[in-house]
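Hi,

Here is the structure I said I'd pass on.

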Amino acid sequence: MLQVENLCFAYGKHPVLQHVNFSVKPGELLAVLGPNGAGKSTLLKCINGIRRPQSGTIHMGEQNLMQMHPGEIARTIGYVPQRIDTTQLTVFDAVLLGRKPYLQWRVGPHDMGKVHAALTQLGLESLALRHTDELSGGELQKVAIARALVQEPRLLLFDEPISALDLQAQVHILGFIRRVISEHDLAAVMTMHDLNMALRYANRIVFLKDGAIRYAGGREQISPSIIEEVYGLPVTIHYINQLPVVLPIGDPRNEGKGETDEL
Amino acid sequence: MHLSHTEIPEEYRLYIRRKVVFIIGAALLLVAMLVLSLALGAADLSLLAVCRSLLGLGEDDRVEMIVWNIRLPQALAALVAGAGLAGAGTAMQSVLRNPLGSPFTLGISHAAAFGAALSIVLFPGSRPGTTSVSALVCSMVVAVLIIVITRYRGATPETMVLAGVALGTLFTAGTMVLQFFADDAELASMVFWTFGDTARVDGGELAIMSGTVAAGSLFFLANSWNYNAIEAGDETAMGLGVRTGYVRVCGMLTASLLTAVLISFIGIIGFVGLVVPHMARRIVGADHRFLLPASILMGGLLLLASDTAARLLLAPHILPVSVLTSFLGAPVFFWLIIRRSRR
């Protein structure tokens, strides 16, 4: 399981993460929410070693991630970044890249078999020979997820995987992620903006503001006051089929009026 | 997690096989072009005589002399230089994630021209080797400066390209100053040096060029997976355990050293390092396991063919091969730009 303790990170003198503590168990999806610039993406980058924290510890089971070689981390953690670049690599080759931490130069049938299995799981077989710059946003997201899966990790990190997707693609991707992590007993951390999707799919939720955790826990304990404190916006919480749905209070026609009057 | 094994799709096997066939075909074509280039020239030799001579079965001293002493060193110089320039161009374009990465865009050629001009002014009448060494030193200065600047500002592609453009401009201005104060003979030497010419290479220089190109190519090939990962974006690459800054600096340094050695011995040869990687990419795709060998072979083939054509077109006059590669390269590049903007 992932255990983050007392994590601090700063860009120069500007603190981004301050004494962050949380843990994620196998089979669990943790959603990290918070306003833009709260430090969500930086948190993921610290966990997988792209950024080096100033202090604190990150453990995966008994292993100290901060002392591991980048290749070793890549065999433990699958990372789906927010920005996925399109290339002239085929879908098959783009997913095959996920085997990079295990490869020298030669690709064995074993590696290709795993790529094919991941493509099949995500319904991408028919696109295997298409270039990734010919894909839609949802398909590209699936390619990045398939790549993370063939790394055969124990922990998955997703940086806003649904921000650019339509509703159907959002539901499809989040449903798939939930199924994969419970089937394979993986731990997962996902940053996101959509509160209601987080409440629907995540086992637990962390609210981050100005680099510090403001709330960590299950969906049941979340109150309008916590959300208002994090986002500075009054909300109500309704329950539909026992699932909480967060709605901003007020008349949409009057929202943002002060700013638009000045334009 | 463990994904269960399934069989590899047949269409992917075919797709890979097509690339391998293309690379083998290009290698065979290169050998054929080499033999053809040895046969063609002012003194016409038959293909059979050339083949016999290459296999050590030659009996005619005149043929032996022409093949081994005159045409083979020049042909090999063209082949090795083309292969090296294309390989280095491919690596530069990949690590910089910029289709304009080449010895020209990064100021390496300009620095070599400045180095050559400087040695012509400072050491008049010295051996050609001095000019080569001076060109090599100046182009390496550029490579090291680019690396030093990126150490301070972070090894991003933008920093590297901008630093290269600035240094290129600086060295061009330096060359112009030298040319302005040079006498007629020096000016002629300076201009002549910038015409890339494969005939000026001697045996020792050819050995240095071949060794450098072989070592550089092996280094690039060993990094194929790293370049593929960088192709998919820096964050993805880092998530796959690739130290992108380190790979970028090492790739740039190797590519710069390789082109600096080639340019200092044969002068400036345009467009091979820029156009061939694009052509290879169109044919075999962006997977560097195939792109690099294809690019290296196509570079060798293109420069060898251009060099042969340059000897024949206006015979008995010999055109500078760099003129021909630029005449061929520019239209190809325009075509690539138009195709890209249409998409």
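To start with something you can check by eye: is the crossing in which α1(B) passes α13(B) left-handed or right-handed? It is left-handed. Bear in mind throughout that this is a predicted model.

**Helix packing in chain B**

Some more on that pair. Helix α1 covers residues 10-39 of chain B and helix α13 covers residues 288-312 of chain B. Their axes are 9 Å apart, and the packing angle is about 25 degrees. Angles under 35 degrees count as roughly parallel, so that is the label for α1(B) and α13(B). Sorted by class, the contact of α1(B) with α13(B) has 19 nonpolar residues, along with three polar and three charged ones.

α13(B) also packs against helix α12 (residues 272-284) of chain B, here with the axes 8 Å apart and an angle of about 130 degrees. That makes α12(B) oblique to α13(B). The crossing here is right-handed. If you want to pick out the contact, α12(B) brings Val272(B), Val276(B), Pro277(B), Met279(B), Ala280(B), Arg281(B), Ile283(B) and Val284(B). On the α13(B) side, the residues they meet include Phe290(B), Leu291(B), Met298(B), Leu302(B) and Leu303(B). The contact of α12(B) with α13(B) splits into 13 nonpolar, three polar and one charged.

Then there's helix α4 (residues 108-122) of chain B, whose axis comes within 8 Å of that of helix α6 (residues 157-181) of chain B, crossing at roughly 25 degrees. α4(B) is therefore roughly parallel to α6(B). The crossing of these two is left-handed. Among the α4(B) residues in this contact are His110(B), Phe114(B), Leu118(B) and Val121(B). α6(B) contributes Gly168(B), Phe171(B), Thr172(B), Gly174(B), Thr175(B) and Leu178(B). By class, the contact of α4(B) with α6(B) comes out at eight nonpolar, five polar and no charged residues.

**The largest pocket**

The largest pocket holds about 780 Å³ of space, and 38 residues line it. Nearest its centre are Ile50(A), Asp234(B), Met238(B), Thr244(B) and Gly245(B). Which helices each supply at least two residues of the lining? From chain A they are α1 (40-47) and α2 (70-76), and from chain B α6, α10 (234-239) and α11 (244-266). The lining of the largest pocket divides into 17 nonpolar, eleven polar and ten charged residues.

Cheers

Note on methods:
Residues numbered from 1 in each chain as written. Chains lettered and ligands numbered in written order. Predicted model: local features only at pLDDT ≥ 70, side-chain atom pairs only at ≥ 80, totals over all residues. Heavy atoms only, no water. Axes fitted to C-alpha atoms, helices over the stretch in contact; angles between N-to-C directions. Helix = DSSP H or I, 4+ residues; strand = E, 2+ residues; numbered from the N terminus. Parallel < 35°, antiparallel > 145°, perpendicular 65-115°, else oblique. Left-handed = near helix turned anticlockwise from the far one by under 90°. Contact = heavy atoms within 4.5 Å. Nonpolar A, V, L, I, M, F, W, Y, C, P; charged D, E, K, R; others polar. 1 Å grid on protein atoms, 1.4 Å probe; cavity = no way out; pocket = protein on both sides within 12 Å on 5 of 7 lines; lining within 4 Å. Points joined across faces, edges and corners; volume = space filled by probe spheres on them.
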